[in-house]
Amino acid sequence: LILPSDHSLTKDCNHKYGASYVYLSCLNKCIQSPCILMTKPLRHDSCKGQYKDRVFSLSNNSRLTFLIRDRRHGTYHHDNIFPCSNGNCVSYDKVCNLVDDCGDGSDEMDCTNHFQCRTQWNNF
């Protein structure tokens, strides 16, 4: 997803979900939607046991990322991993999509594209 840097293109992202919501909010293209990735940085011990073929690297001298090897295609995937509060990880398409994919609700917690009741993880 590549967008021009013109901030006049900011919009209401209340109807964006998953990877679209994550990328748009982190590119400051959403009105009043902070980047959810800033509150949950990927750490060296994130996603324990989930990705056995991962390779760590330091991106932009400040942010940790890791590559995941796809054995079938011989390729690597990176920069689309969201660390859940419970230690699990999910891909960006599972973040802010109105479904508790982490199992602890942390993938929906800081999203502004839905209303959240005070009772645990009831999203509207």
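Student: Is Cys-26 buried, exposed or partly exposed?

Tutor: Burial is judged from relative accessible area, and values under 20% count as buried. In this predicted model, Cys-26 has a relative accessible area of 26% and is therefore partly exposed. Its disulfide partner, Cys-35, is buried, because its value is 15%.

Student: What is the S to S distance of the disulfide formed by Cys-26 and Cys-35, and which handedness does the link have?

Tutor: In general, a disulfide is a covalent bond between the sulfur atoms of two cysteines. Here the sulfur atoms of Cys-26 and Cys-35 are 1.9 Å apart. The angle about the S-S bond is 75°, and the link is right-handed.

Student: Which cysteine is joined to Cys-13, and where in the chain do the two residues lie?

Tutor: Cys-13 is joined to Cys-30, with an S to S distance of 2.0 Å. This pair links distant parts of the chain, 17 residues apart. Cys-13 belongs to the segment before helix 1 (18-26), whereas Cys-30 is in the loop between helix 1 and strand 1 (54-59). The link is left-handed, with -85° about the S-S bond. As to burial, Cys-13 counts as buried because its relative accessibility is 0%, and Cys-30 is buried at 8%.

Student: How many helices and strands does the protein have, and in what order do the elements run?

Tutor: The protein has 1 helix and 5 strands. From the N terminus on, the order is α-β-β-β-β-β.

Student: How many aromatic pairs are counted, and why is the pair of Tyr-23 and Tyr-92 classed as it is?

Tutor: The geometry of such a pair is read from the distance between ring centres and the angle between ring planes, and an angle over 60 degrees counts as edge-to-face. The count comes to 1 aromatic pair. The ring centres of Tyr-23 and Tyr-92 are 5.5 Å apart and the planes stand at 70°, so the pair is edge-to-face. Because Tyr-23 lies in helix 1 and Tyr-92 in the segment after strand 5, the pair ties together parts that are 69 residues apart in sequence. Tyr-23 is partly exposed, with a relative accessible area of 33%, whereas Tyr-92 counts as buried at 4%.

Student: Which residues touch the most other members of the largest nonpolar core?

Tutor: This core has 16 residues, and those touching the most other members are Val-22, Ile-36, Leu-37, Phe-82, Val-90, Val-95 and Cys-96. Helix 1 gives the most to this core, with 3 residues. Apart from this core lies another, of 5 residues, among them Leu-42, Cys-47, Ile-68 and Ile-81.

Student: What does Val-95 touch, leaving aside residues up to four places away in sequence?

Tutor: The contacts of Val-95 include Val-22, Ile-36, Phe-82 and Val-90. Val-95 also touches Tyr-17, Gly-18, Asp-107 and Glu-108.

Student: Is Gly-49 buried or exposed, and where is this residue found?

Tutor: Gly-49 is found in the loop between helix 1 and strand 1, and counts as exposed because its relative accessibility is 56%. The C-alpha atoms of Gly-49 and Asn-88 are separated by 8.8 Å, although the two residues are 39 apart along the chain.

Student: What share of the residues of the whole protein counts as buried?

Tutor: Of the 124 residues, 32% count as buried. The accessible surface comes to about 7900 Å², of which 52% belongs to carbon and sulfur atoms.

Student: Where is confidence lowest, and where is it highest?

Tutor: Where pLDDT is low, the predicted coordinates should not be read in detail. In this protein, strand 1 has the lowest confidence, at a mean of 65, and strand 5 the highest, at 89. The protein averages a pLDDT of 77, and 73% of the residues score at least 70.

Methods. Residues are numbered from 1 along each chain as its sequence is written. This is a predicted model: local features need pLDDT of at least 70, side-chain atom pairs count only at pLDDT 80 or more; totals for chains, interfaces and linings use all residues. Side-chain values use heavy atoms; hydrogens and water are left out. A disulfide is a pair of cysteine sulfur atoms within 2.5 Å. Helices (H or I, at least four residues) and strands (E, at least two) are DSSP runs, numbered from the N terminus. Buried means under 20% relative accessible area, exposed over 50%, partly exposed in between (1.4 Å probe, protein chains only). Rings of Phe, Tyr and Trp (its six-membered ring) pair if their centres lie within 6.5 Å; planes under 30 degrees apart count as stacked, over 60 as edge-to-face and the rest as tilted. pLDDT is the predictor's confidence in each residue, from 0 to 100. Accessible areas come from the Shrake-Rupley method with a 1.4 Å probe; for residues, only the protein chains shown count as cover. A nonpolar core is a set of buried Ala, Val, Leu, Ile, Met, Phe, Trp, Tyr and Cys residues joined through side-chain atoms within 4.5 Å. Contact means heavy atoms within 4.5 Å.
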